[in-house]
Amino acid sequence: MLRFIVRRLFQLVPILLGLSVLLFAWLRALPGGPAQAALGERATPEAIAQYNELFGLDEPLIVQYFRFLGRAITLDFGTSTQYGRPVTEVFLERFPGTIELTLLAMVFAIGVGIPLGYLAARRHGSFLDSASVVGSLIGVAIPVFFLAYLLRLLFAVELGWLPGSGRQDVRIDATRITNFYVLDGLLTREWDAAWDALLHLILPAIALGTIPLAIIVRITRASVLDVVNEDYVRTANAKGLAMATVRRRHIVRNALLPVSTTIGLQTGLLLSGAVLTETVFAFGGVGLTLRDAITYRDFAILQGFILMLAIVYVLVNLLVDISYGLLDPRVRVR
Amino acid sequence: MTALGDYKRERIDELAARAGQLPEGDAGLSLTRSAVRRLRRDPVAITGAVIVLVFLVVAAFAPLLAPRDPVTQYLLSEIRPGLIPGSQEGFPLGADNLGRDLLSRLIYGSRQSLLIGVVSTVLGLVVGMTLGVLAGAFGGWVDTLVMRFVDIILSIPGLLMAITVSVLLGQNQYALMIAIAVVQVPIFARLLRGSMLVQRGSDYAVAARALGVRKSRIVFGHVLPNSLSPVIVQATLSLATAIIEAAALSYLGLGDPDIARPEWGAMLANAQDFLSIRPALAVWPALCIIVVALGFTLLGERLREALDPKFRR
């Protein structure tokens, strides 16, 4: 098992190297180059030359690349023009919010999706079944941010049941330890702060979780329908096992394997969706920061955040692979 | 094989592996014929096709169908803070926040939205297929090189990749199309390569080689045509994704800035500020996006079932 993990880790190296080349090339290819990007459109040629000299941009590309790589390895992506702070610092401050959001979205998608998909399959052909099929088709076709609009308009603006923007009420003066607001509230025993942060998570998490929900419902339903017709289920029934036992031990367990695969696949979707959802709900995670970076052309943030999110994505995929190796011994051999 | 996103790739490869097998009972029919036969009996596929067709017709004949000009600000004088004129005589869906006719904008918008969807998918298809053919036909180091490149693109979540490309290329409709296409390239490349690998090992390909048929002829005359069905299915589904993705990029401020070309994504993005005043401004373009995406998805899913023996019923 350890060898499997180590081998997988080594296989990440070429991918990450390739990514670094891509992002390096990206910054070079920007109109006017990095100097213009940093100094703005009205920068004089002298200022640009000075900037280039200062940051070693007049050296051969290969030298520049290795310097970039050296800094990237230590997670140094330069300074944000918007915040005047190191990109990594901003990332670490914002990322916990996005983690909280995506985790809750996933809990929502899995918690609702698997039971719903299972029920739909058990009552195959019923109204619930058809509704879940139609619903999951629409769930995939709906633009995430439109769903976010609707949820916010209905539950935050019209009904006022839940907060519709931010990560926490500004009037709450909470102590920050980890920047996971809910966790911070629990650690410092500021229960109202934790509760408030949790309430702020609900609407964005539902909006973000809807597409994964639709996919999970679909896969669970299809997978249960597949498994129900397997020989071993018939055998289990034939030898007189209680229906509940067959369901629990034979159907659900086997049906969930493809579902766990799908869940791993959703990470990328969630990270992408977070950019949109966070923007609608003015939720201060990496997504909103990225969107601001687009608006203000903060290239340091864009480059650093995208590379770091890609690393996160790659690592989560690795974790999923490893957990799959644990679930299914055959995977380890390949 | 690398550690990254194995499942994403396995799923692509699995689809590829099932390409070109004929369902039972349709022996003697070409795959296309058999698929068409099944689709024509399938109400869901027909629904999808009708939806797509209706929108294509609307897009093609927009100037004839739209009651008014989509850019003229007819009702500008009636707009007050907190009030946007709703449905009224001559303006069935009312006006937008600048007093333009919403219905006409929706009708004209179908042009731009479908165009972005189709062009970006075709672009992704052409580049992806070229890479896939290179990898699938040559194998060896070409295959390794192409697939590594594809893996790197797959290692960035789709929308983030599109954002990167979009920021690099600037804000115009071509940048938007390219950004969406880039995300699709690796999917098509992998799909075609996997499918070609399977076909290359099949009996007829071996037979052709034994008969001394030229390699290029085997690849382009035999293997490639038989490997296309999963790619065609994916392309249909991609049309839906592309239109939704375009809306997302518009929302992030990376859309087409030309106001003379209304587009659903931009209309939807723009509606956010007027949501509590007039939700219809968001609902209509969203509905158009959802219905069109649904049309392509239904068609694509059923096409897959028709072309894929695993789904025979």
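Q: How many helices and strands are there in chain B, and what makes a helix or a strand here?
A: Chain B has 13 helices and zero strands. Both are DSSP runs numbered from the N terminus: helices are H or I of at least four residues, and strands are E of at least two. This is a predicted model, where local features need pLDDT of at least 70, side-chain atom pairs count only at pLDDT 80 or more, and totals for chains, interfaces and linings use all residues. Residues are numbered from 1 along each chain as its sequence is written, while chains are lettered from A and ligands numbered from 1 in the order in which they are written.

Q: Why is B:Thr241 called buried?
A: A residue is buried if 20 or more other C-beta atoms, placed from the backbone, lie within 10 Å of its own, exposed if 12 or fewer, and partly exposed in between. B:Thr241 has 24 C-beta neighbours inside 10 Å, so B:Thr241 counts as buried. This residue lies in helix α11 of chain B. Of the 313 residues of chain B, 51% count as buried.

Q: Which residues make up the contact, by chain and by class?
A: Chain B gives 41 residues and chain A gives 43, where contact is a pair of C-beta atoms, placed from the backbone, within 7 Å. On the side of chain B that touches chain A, 28 residues are nonpolar, nine polar and four charged. Nonpolar covers Ala, Val, Leu, Ile, Met, Phe, Trp, Tyr, Cys and Pro, charged covers Asp, Glu, Lys and Arg, and polar covers the others, Gly among them.

Notes: Contact = placed C-beta atoms within 7 Å.
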